[in-house]
Structure formats: C-alpha cells, structure tokens
Amino acid sequence: MRRYVARRVAALAATLFFVSALVFVAIRVLPGDPAALIMGTEGSREAADRLRESMGLNRPLPVQYVEWLGRALRGDLGHSIQYDVPVGELILTRLPVTLPLALLAATFMVAAAVPLGLYAATHHRRAGDYLAMIVSQLGISIPQFWSGLLLILLFSVTLGWVRSGGFDGWSAGVGPALRSLLLPAVALGLFQAAVLVRATRSAVLDVLREDYVRTARAKGMSERLVVAKHTFRNALIPIVTVAGLQLGQLVAGAIVLESVFALPGLGRLALGAISARDLPVVQGVTLFVASAIVVINFVVDLAYGFLDPRIRYE
Amino acid sequence: MTRRVLLIALCAVAVLAGAAGAQAPSRLVVQAPTEPPGLDLTATPASATAGVVFNNIQEGLVKLDRHGKLAPSLAERWHTSDNRNYTFFLRRGVRFHTGRELKAADVKYVFDRAMNPETKHPYLRDYDAIGDIIVKDDYTITFALKALNANFLHNVARQGSVIYPREAVDALKSHPIGTGPFRFEEWVRGDRIVLVRNPEYHVKGLPKLDRVTFRFIADPNAVLAALKAGDVDASMFGLGPEHVQDVQKDARFQVIVGDTTNDVILAMNNSRKPYTDARVRQALTHGINKQDVLRGAMFGMGKILGSNVDPLNPYYVDMSRAVPFDPAAAKKLLAEAGYPNGFDTVLKVAPQYYYTVRSGEVIADNLKKVGVNVKIEQIEWGQWIARVFREADFDLTIIGHAEAWDIKNYANPKYYFRYDSAKFQDLFRKSEVTLDDKARRELFAQMQKLMAENAPVVWLFMHPNVVVAKKGLQGFWKDLPAPAYHVSEIGWAPPR
C-alpha cells in the first residue's frame with residue numbers, strides 16, 4: 001500500500017509539472033497579453049509597452065517558466081495581475097463557494113440518480129423504466145445554463161424563495177449561504193445525475209443477469225434482499241467509477257453556472273483570468289483543480305478495495 | 001391628568017415612529033457588467049474602473065457636469081489670461097478619506113507623477129503640454145504650458161487626472177483613496193465593491209446614500225433575473241436592448257435612456273486593399289442601412305452617427321445624412337474603383353460586446369446586396385486587442401469607442417484603422433491650438449465634413465446609456481459625458 005501511495009504521489013507531481021508547463025505555454029501563445037488588455041483601446045501603445053516591460057513579459061518564455069516554477073516549489077504561486085493579491089489567497093477566498101457548491105451538487109447527483117437508476121433497472125422495460133429514461137434524457141439534453149435560468153425564473157423571480165444570484169459569504173449565516181448555493185447546485189447536479197442514472201441502471205442490469213443472482217432468487221430470497229445484498233454492492237464499482245469522473249466534470253460545469261448565478265467561485269475566477277491573461281491565477285487554479293482530480297481518483301481507487309475485497313494495492 | 005400625559009406620550013411615539021418609517025432607505029445595490037481590472041485610475045484606462053472610482057471615490061480639479069460642460073470640482077475656480085498659464089484655486093477644507101486636508105502640494109505631486117514615464121500612466125501624452133507646475137500657496141497652483149493647448153482643461157477633467165494623497169499611492173490598485181463623496185470599503189473579488197458615505201464630503205447634501213454596492217453580473221439574463229427578483233436596485237449598461245422592452249412593461253421599474261460618448265463604428269483597414277481606395281470606403285458607407293443596424297442590434301435605441309463627434313460634444317454637427325443609404329451609388333463607386341462584381345472580405349468581431357456580432361450580421365446582409373461578401377469571424381477579446389487593435393491584422397471590425405474627444409485618433413496614422421490624411425492632421429493640429437470658441441467650432445465642422453467625405457470608417461450609431469432602476473430611485477444622470485456612474489446624487493424618494 002505504501003508503495004502504491006508513493007507511486008500515486010509521484011504521478012501527481014508529474015501531472016502537475018506537465019499541466020503547469022502546458023498551461024504556461026498555452027496562455028502565452030494565445031494572442032493578447034495582460035498589459036495590452038489592461039490598456040484596452042484607450043491607453044496608448046507606448047503605455048502598454050512600458051507596462052509589459054515592467055511586468056517582465058518581454059523575457060524569454062523558458063526563463064519566465066523556470067522562475068515561476070522555482071517560486072511555486074517554495075509555495076509561492078505569485079500575485080494576481082488583475083486583482084493585486086496573492087494567488088493562494090485568491091483561491092482560498094473562492095473555495096468556500098465552489099467546494100460547497102460541488103459537494104451539494106454531488107450530493108444531489110447521487111441522491112437523485114442512484115435510487116432512480118436502481119428503480120429503472122429493477123423495473124426493466126416497464127413504465128417506470130421508460131419514464132426514468134425519458135427524464136434522464138431530458139436532463140442530459142438541457143444545457144446547464146438553461147436549466148439554471150429556468151430554476152431562477154421559477155424559484156427566484158416567480159416564487160421569491162431564494163435569491164437569483166450572488167453570494168454574501170458564510171459570515172452572513174449558514175442559511176442565507178445555503179439558499180444562495182441551492183439552485184446552482186441543483187442545476188449543476190441535474191445534468192450529471194442524468195448521466196449517472198443511466199450508468200447505475202446499466203450496471204445494475206448487468207449484475208441482475210449474473211448466475212449468483214439467479215441462485216439467490218432460486219433460494220427463495222426476497223427480491224428486495226436480492227437487490228440490496230447481492231446486486232447493488234456488486235454494481236457499485238462501475239457506478240463509483242462514473243461518479244468519480246463526474247466529480248471532475250462538476251468543476252467544469254461550475255464555470256458556466258457560477259456565471260449564470262454570479263457566484264464568486266473558482267470557475268468564474270478561472271474564466272476571468274483567462275480573458276485577462278492573468279497567468280499566475282490561471283496556473284494556480286489549474287494546479288489546484290488538477291490536484292483535486294488526482295486526489296478524487298485516488299479516493300475512488302481506495303473505494304474499489306473497500307467495495308470488492310479481492311482488489312488489493314500492493 | 002395621567003391619561004392626558006399618556007395620550008401625549010402615545011402621540012409623540014406615533015409621530016416619531018412615523019418619521020422613522022418615512023425615512024427613505026439609504027442603501028443601493030447597482031449591477032455593473034464588468035469587474036474593474038484594478039482600481040487605480042492612474043494605471044488603467046478601463047471604463048469599468050472609472051465607472052466605480054471616478055467622481056465617486058476620487059475627483060479631479062475640474063469635472064464635466066451632466067451636460068458635458070466643464071465645472072468646478074476640487075478647484076472652486078480657475079483663471080488664465082494668456083491661455084498658457086492656468087491658475088487653479090482649491091476649495092478650502094477639502095479632506096482626503098484619510099482625514100488629511102488637500103493642499104496644492106498634493107496636486108503638484110499627482111501631476112508630476114503622471115508626467116513621469118516611470119509611472120506608466122495610460123494617458124501620459126495628455127500631459128505633454130505641461131511645462132511647469134508652480135505651487136503659489138496651499139490653495140493656489142499654476143500650470144505653465146509649453147504651448148497653447150485647447151484640450152488642457154478637458155485633460156485635467158479626465159479620469160486619469162484624479163487627485164489622491166501621496167501616502168496612498170501604493171494602495172491605489174486595490175484600495176483607492178480620494179476626496180470623493182464615497183469612501184472605499186471593500187472589494188470582494190469576483191462579486192462586489194462596497195462604498196460607504198464620506199461624512200466629510202465637501203459638497204453639502206451629498207451623497208444621498210449611506211452605502212452603495214456595485215455587484216458584478218455579466219450575463220444579461222442573470223441581470224434581468226436579479227432585477228426582477230429584487231436582488232439589485234438598478235442596472236447600468238447591464239441589460240441587452242431586447243430586455244429593456246420587457247422591463248418597460250413592468251410597473252416596478254423605470255427605464256432611463258440617454259446619450260453617451262460611445263461611438264460604435266465599422267472600422268476599415270485603410271492600409272489594406274481594397275480599403276486604401278476612398279471610393280470603396282464610401283461605397284461601404286452607402287451600402288449600409290444604419291437604421292437596419294440600429295433596429296437589428298439595438299432594438300432602435302441609440303442615435304445614428306455620421307462622424308466621430310458624438311451628440312454630447314459641444315462641436316457636434318449632425319452628419320448622419322451626409323452619406324445616405326444608397327445601394328445604387330455603392331455599386332457605382334465599387335465599379336469605378338475596379339470592383340464591378342464586388343469582393344470577399346472578413347469582418348472580425350469580439351462577441352464580448354453583444355452589439356458587434358448583431359451589427360455585423362445586419363451589415364453582412366446589407367453589403368451582400370451590393371456584391372461585397374462579408375465573412376464574420378468571431379474572436380475572443382484578448383485576440384481582438386492583439387491582432388486587430390495592435391497589429392492591424394484585419395479587413396473590417398466593429399467596436400465602440402467610449403472615450404470623449406477621441407477625434408484625435410483620426411489624426412494618428414498608426415491608429416489601428418490606419419487613416420492617414422495630411423489635410424485632416426493639419427486641421428486637427430490647428431484645433432489643438434485654437435482657443436477661440438467660434439474658430440474652433442469651425443475647425444471641428446471642417447474635420448467632421450472631411451471625415452464624412454474620406455469615410456475612413458463607417459460611423460454606425462451612438463451606444464445609448466440605458467439605466468433600469470426600481471421606481472422611487474432618483475438622481476441618475478441621463479447622459480454620460482464621461483464613463484462614470486455618478487452615484488452621489490442618487491437617492492430614494494421619500495415614501496408618500
């Protein structure tokens with residue numbers, strides 16, 4: 001197990017190195033630099049040139065990258081060009097929005113999708129199954145920004161139950177904060193739930209066709225016990241795999257929904273930073289998200305061992 | 001007796017409660033579409049920064065009033081006898097938000113710093129004319145110009161000329177300090193900026209609000225939802241014109257539509273064929289139905305332009321009919337220029353500004369009818385700045401130029417549309433050193449006429465100022481002669 005963990009840590013380091021180099025080059029080869037963007041159409045060309053020089057952007061790319069890497073290894077992710085605050089601090093201020101949003105969305109996703117998928121599989125080719133598939137097809141087909149707007153229209157504009165967007169922070173109270181995050185979490189979880197319903201249904205259907213399920217039924221075991229004891233646990237590995245991948249996708253979805261709901265989260269931070277060519281922020285957020293995804297995958301791997309005792313990491 | 005006392009006491013309580021109840025709310029949440037890229041007006045020309053900071057937190061010696069006229073601000077008056085030496089008399093008792101009194105030495109420091117290339121001030125050239133700055137006493141300061149400069153006072157009124165205390169210079173980017181009606185309180189990056197009343201503001205009765213929150217919401221649909229759900233009180237530049245008709249029908253809101261200095265143009269690359277030929281540029285102007293563009297892109301809001309001088313400029317001449325929509329004339333001019341069958345061209349637009357793509361679609365349709373096939377290429381804003389604006393790598397593009405008095409760009413042959421007319425440059429130089437109002441007006445009229453003839457770009461329309469606010473809010477500026485959101489005069493009407 002120790003060797004396995006060491007391997008994963010090494011893989012994480014390699015991933016972060018490649019991701020950081022890739023992002024660095026990608027942002028720098030994009031036309032437009034932060035100095036030109038700050039000066040816009042109204043500042044003079046000379047002013048933009050002077051600013052670029054002072055930002056150190058005229059030096060060769062490898063030199064800039066090595067400098068950044070050296071500082072990053074010492075834990076200094078640099079300063080945001082746009083916001084003039086340390087990148088680490090900026091990420092930490094955005095986490096209390098994005099992390100609970102992703103957790104709420106994931107909870108909604110699992111709580112809605114797994115029972116529905118299970119129900120559809122156990123009622124295969126019956127009305128409930130078809131209904132569940134139609135609902136999930138709708139969920140996959142409706143773009144997240146659109147479902148977000150529909151939810152705002154119903155719950156904020158018409159009913160006035162929750163606010164339409166914005167986030168005053170957890171210091172304003174847990175209740176108001178949760179009310180700010182509820183709609184975006186549902187909109188975010190809806191699409192992923194639709195995917196997970198199908199994955200759950202398919203995994204459970206596969207197991208239901210196994211010999212040991214037939215044996216359990218032949219022994220006279222109740223259908224509920226057959227599904228709960230012999231089917232569901234064995235179907236969990238593909239479900240957990242898909243759910244793990246979807247957790248990563250929740251972050252991508254957050255970029256869109258944080259814009260629709262005007263939430264000051266990591267997704268919107270990344271989007272704004274790319275537009276402003278705020279490289280230190282793009283690097284910082286990318287590294288953070290990449291690390292989070294690697295860690296999620298690691299946890300999913302560990303879950304396999306727990307779900308199936310035959311799997312061991314040596 | 002006891003009963004009478006009780007009755008009087010009850011009446012007093014009722015009156016007091018009534019008075020308290022009648023007190024208008026003193027907070028405002030305003031939506032703004034773009035978060036500023038830093039709050040230092042001496043480091044960025046961004047209108048998003050000016051919108052929040054200019055005239056709300058920091059002020060200049062002089063300012064433009066609601067009608068675009070120069071008015072006193074931190075200087076209570078100014079004087080010049082020869083148009084070379086301008087003496088400003090500062091208001092006494094004006095205090096920075098730090099509590100320290102504003103003195104003439106602060107003004108000198110600010111302008112010396114702006115003129116120093118090391119500062120990287122975005123409007124460095126605006127101060128080229130200043131030769132010397134002399135502090136006469138704590139409240140009197142003289143600017144000695146090297147040469148006549150008709151724009152000097154306007155440059156002093158610009159957003160880059162705000163006065164701040166020297167001890168706050170390092171914090172300007174994230175915590176601006178000035179003398180304005182509001183003090184900066186906090187900037188929650190990605191979400192909002194909060195301003196609070198400056199109780200020591202030098203104009204009596206202002207500001208009318210205790211607290212103003214600028215909330216940054218870019219998506220127009222989200223803005224509409226926030227307004228309708230009551231989460232924001234007003235929106236400035238946030239709603240698309242298609243939403244304005246919707247809120248106009250809603251009794252809870254008022255819609256204010258006014259003028260701005262934002263001229264939306266179809267720029268042609270004057271250094272690239274076929275746009276090197278004035279006949280081709282005129283043909284495109286004739287071939288575009290600006291009414292169609294205004295209807296298609298702006299639902300009819302805004303004003304059609306015929307030159308780069310906007311209706312808020314005192315020297316504005318209505319040139320909107322100078323080159324009328326005339327497809328037959330367009331075809332004739334194209335044939336004369338050697339393009340009887342038209343040509344193919346590429347229009348690069350940045351969808352960050354919604355009107356660019358919408359206008360582009362109408363224009364492409366218009367020009368197809370005169371034989372010019374326009375391919376629309378949408379590019380991201382950063383790429384637009386790099387390729388179109390800096391490298392002039394484009395045929396056609398659409399953009400709004402928000403800066404006031406930006407006719408100067410047409411006298412700069414290196415500006416991205418590369419208009420190079422010796423005659424225009426000569427007229428502009430003369431206008432820069434002509435102080436007599438009548439003579440200057442005449443020069444501006446000549447420049448506008450020449451621009452319409454040369455057609456370096458197609459001036460499409462003036463982007464309107466569109467404010468949507470809850471009923472009961474009052475004091476908004478209808479027209480915006482400078483890119484600022486002036487919130488000090490906004491207040492809630494007392495409930496009836």
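This is a predicted model: local features need pLDDT of at least 70, side-chain atom pairs count only at pLDDT 80 or more; totals for chains, interfaces and linings use all residues.
Chain A contains twelve helices and zero strands. In sequence order, the elements of chain A read α-α-α-α-α-α-α-α-α-α-α-α.

**Overall form of chain A**

- The C-alpha trace of chain A extends over about 85 × 55 × 35 Å along its principal axes.
- Of the 314 residues in chain A, 40% are buried.
- When contacts in chain A between residues at least 6 apart in sequence are considered, 71% of them link residues at least 24 apart.

**The side of chain A that touches chain B**

- In chain A, 45 residues are in contact with 39 residues of chain B.
- Two or more residues on this side of chain A come from each of helix H2 (34-39), helix H3 (45-55), helix H5 (87-122), helix H7 (144-158), helix H10 (223-260) and helix H11 (266-275).
- Sorted by class, the side of chain A that touches chain B comprises 22 nonpolar, 15 polar and eight charged residues.

**Positive phi values in chain A**

- Most residues other than glycine have a negative phi.
- Arg125(A), which is not a glycine, has a positive phi near 60°.
- Arg125(A) is located in the loop between H5 and helix H6 (127-141) of chain A.
- Arg125(A) has 8 other C-beta atoms within 10 Å and is therefore exposed, the limit for that class being 12 or fewer.
- Arg277(A) is also not a glycine, and its phi is positive at about 55°.
- The loop between H11 and helix H12 (279-307) of chain A holds Arg277(A).
- Arg277(A) counts as buried because 25 other C-beta atoms lie within 10 Å, where 20 or more are required.

**Cis peptide bonds in chain B**

- Most peptide bonds are trans.
- The bond from Leu206(B) to Pro207(B) is cis, and its omega is near -5°.
- Pro207(B) belongs to the loop between strand S9 (192-197) and strand S10 (211-216) of chain B.
- Lys273(B) and Pro274(B) are likewise joined by a cis peptide bond, with omega about 0°.
- Pro274(B) is found in the loop between strand S13 (263-268) and helix H7 (278-287) of chain B.

Note on methods:
Residues are numbered from 1 along each chain as its sequence is written. Chains are lettered from A and ligands numbered from 1 in the order in which they are written. Helices (H or I, at least four residues) and strands (E, at least two) are DSSP runs, numbered from the N terminus. Two residues are in contact if their C-beta atoms, placed from the backbone, lie within 7 Å. Ala, Val, Leu, Ile, Met, Phe, Trp, Tyr, Cys and Pro count as nonpolar, Asp, Glu, Lys and Arg as charged, and the others, Gly among them, as polar.
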